[in-house]
Amino acid sequence: MNALTRGNLMKLCFCVSLLTLVLSAFTLAKDIGRPFGGFLTYYNVIANGMYVDIQTPPWWLEPGMLEQLRGHRLRSIDGVSYTYEYEGLGYALAQARQEPHVHVMVNADHERISLALPLVQFSWRHFWDFKTPLLLIAIGTLVISVFIYQANPDATTNQVLMVLLCAFALSSGASQPGLFAYESALTKIVHVSGLVSGAFTGALIMHFAVLFPNPLPMLANKRLAKLLYILIYGVSCGITISYVSSRLLLWHTGWTRFVRQLDKFSYYATGYYY
């Protein structure tokens, strides 16, 4: 790969990461004005259930209320099963009925507890409370990646580190692209982008490790070096295929045990790969 091609690849990685940050902020900002329960959620594919996102700021709810929700599975909203497909509609219906509260049932300590939560509108305050730290981390990481690359554009170590930092920034920026999970095509695209960057982060860390501070002696043998990189990135490709397949099947056919196994394999493989 010549210097021009590598330079274009670095620019592409930077632009993709930056575009994902913008898309993630845009899709979440589109939800401003919509009603919700005062907490962020995520869909756990392995458990096939909705849970409260641990990144939810504690001051969004009444004192002690978040502790009753965090870590517990959300079972129903106003008597209807709490699913990612129904979540946004459930809050909208409660607002249409002009109800000040929604009743959310959760699993807690092997029993189900019903909590009356104020129905609030997602505002710019909520947006900046959640997105500001993530955007600062992501933008700061992207800026550092540019400085590192510009320090020595021809060095493979600098190139790999720049791509690694772009992947970190993308993963951070892709967090919670919408108020409700998988609600639009754009939120799905951002979500999948975050999964892909996470799958390749492990490979990029290993690639950087064999180059810094000095390349491993075995890399002098081009055949061995090629086999090593095929192994490193081959595993990430397998994880990516598994992750993306689980989401496409989930959105097309719904949750199945096969979807669960695909996601479970990807989740634990990514964890071990780090």
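A residue is counted as buried when its relative accessible area is under 20% and as exposed when that value is over 50%, with partly exposed residues in between. This criterion is applied here to a predicted model. With a relative accessible area of 2%, Cys166 is therefore buried. Of the 274 residues of the protein chain, 46% fall into the buried class.

The protein chain comprises 8 helices and 8 strands. Along the principal axes, its C-alpha atoms fill a box of roughly 70 × 40 × 30 Å. Among contacts in the protein chain with a separation of 6 or more, 67% are accounted for by residues 24 or more positions apart.

Helix α4 spans residues 124–151, and its axis comes within 8 Å of that of α5, the two crossing at roughly 170°. Because angles over 145 degrees count as roughly antiparallel, α4 and α5 are assigned to that class. On the α4 side, the contact includes Lys131, Leu134, Ile137, Ala138 and Thr141, and on the α5 side the residues met include Asn158, Gln159, Leu161, Met162 and Cys166. By class, the residues of this contact of α4 with α5 divide into 14 nonpolar, 6 polar and 1 charged. The buried residue Cys166 is thus one of the α5 residues that meet α4.

Helix α5, residues 156–173, also packs with α6, at an angle of about 150° and with the axes 8 Å apart. The angle makes α5 and α6 roughly antiparallel to each other. The crossing in which α5 passes α6 is left-handed. Residues of α5 in this contact include Thr156, Thr157, Val160, Leu164 and Ala167, while those of α6 include Ser193, Gly194, Ser197, Gly198 and Thr201. The contact of α5 with α6 has 11 nonpolar and 9 polar residues, and no charged residues.

Helix α6 (residues 185–211) packs in turn with helix α7 (residues 222–253), at an angle of about 165° and with axes 10 Å apart. The pair α6 and α7 is therefore roughly antiparallel. Their crossing is right-handed. The residues of the contact of α6 with α7 comprise 19 nonpolar, 4 polar and 2 charged. Pro213 lies in the loop between α6 and α7. The peptide bond leading from Phe212 to Pro213 is cis, with omega near 0°.

The cysteine residues were then considered. The structure holds 0 disulfides. For Cys166, the closest cysteine sulfur is that of Cys13, at 5.9 Å, which is too far for a bond, since a disulfide requires sulfur atoms within 2.5 Å. The sulfur of Cys15 has its closest cysteine sulfur in Cys166, and the separation of 9.1 Å is likewise too far for a bond. Whereas Cys166 is buried at 2% relative accessible area, Cys15 is partly exposed, with a relative accessibility of 48%.

Ser76 is located in strand β4, which covers residues 73–77. A relative accessibility of 12% places Ser76 in the buried class. Apart from residues up to four places away in sequence, Ser76 touches Ser81, Tyr82, His103, Val104 and Met105. The loop between β4 and β5 (80–81) contains Asp78. Phi of Asp78 is near 50°, a positive value in a residue other than glycine. Asp78 is partly exposed, at a relative accessible area of 24%.

A positive phi, near 55°, is likewise found at Asn48, a residue other than glycine. Asn48 belongs to the loop between β2 (41–44) and β3 (49–52). With a relative accessible area of 27%, Asn48 is partly exposed.

Terms used
Residues numbered from 1 in each chain as written. Predicted model: local features only at pLDDT ≥ 70, side-chain atom pairs only at ≥ 80, totals over all residues. Heavy atoms only, no water. Helix = DSSP H or I, 4+ residues; strand = E, 2+ residues; numbered from the N terminus. Buried < 20%, exposed > 50% of the residue type's maximum accessible area, 1.4 Å probe, protein only. Contact = heavy atoms within 4.5 Å. Axes fitted to C-alpha atoms, helices over the stretch in contact; angles between N-to-C directions. Parallel < 35°, antiparallel > 145°, perpendicular 65-115°, else oblique. Left-handed = near helix turned anticlockwise from the far one by under 90°. Nonpolar A, V, L, I, M, F, W, Y, C, P; charged D, E, K, R; others polar.
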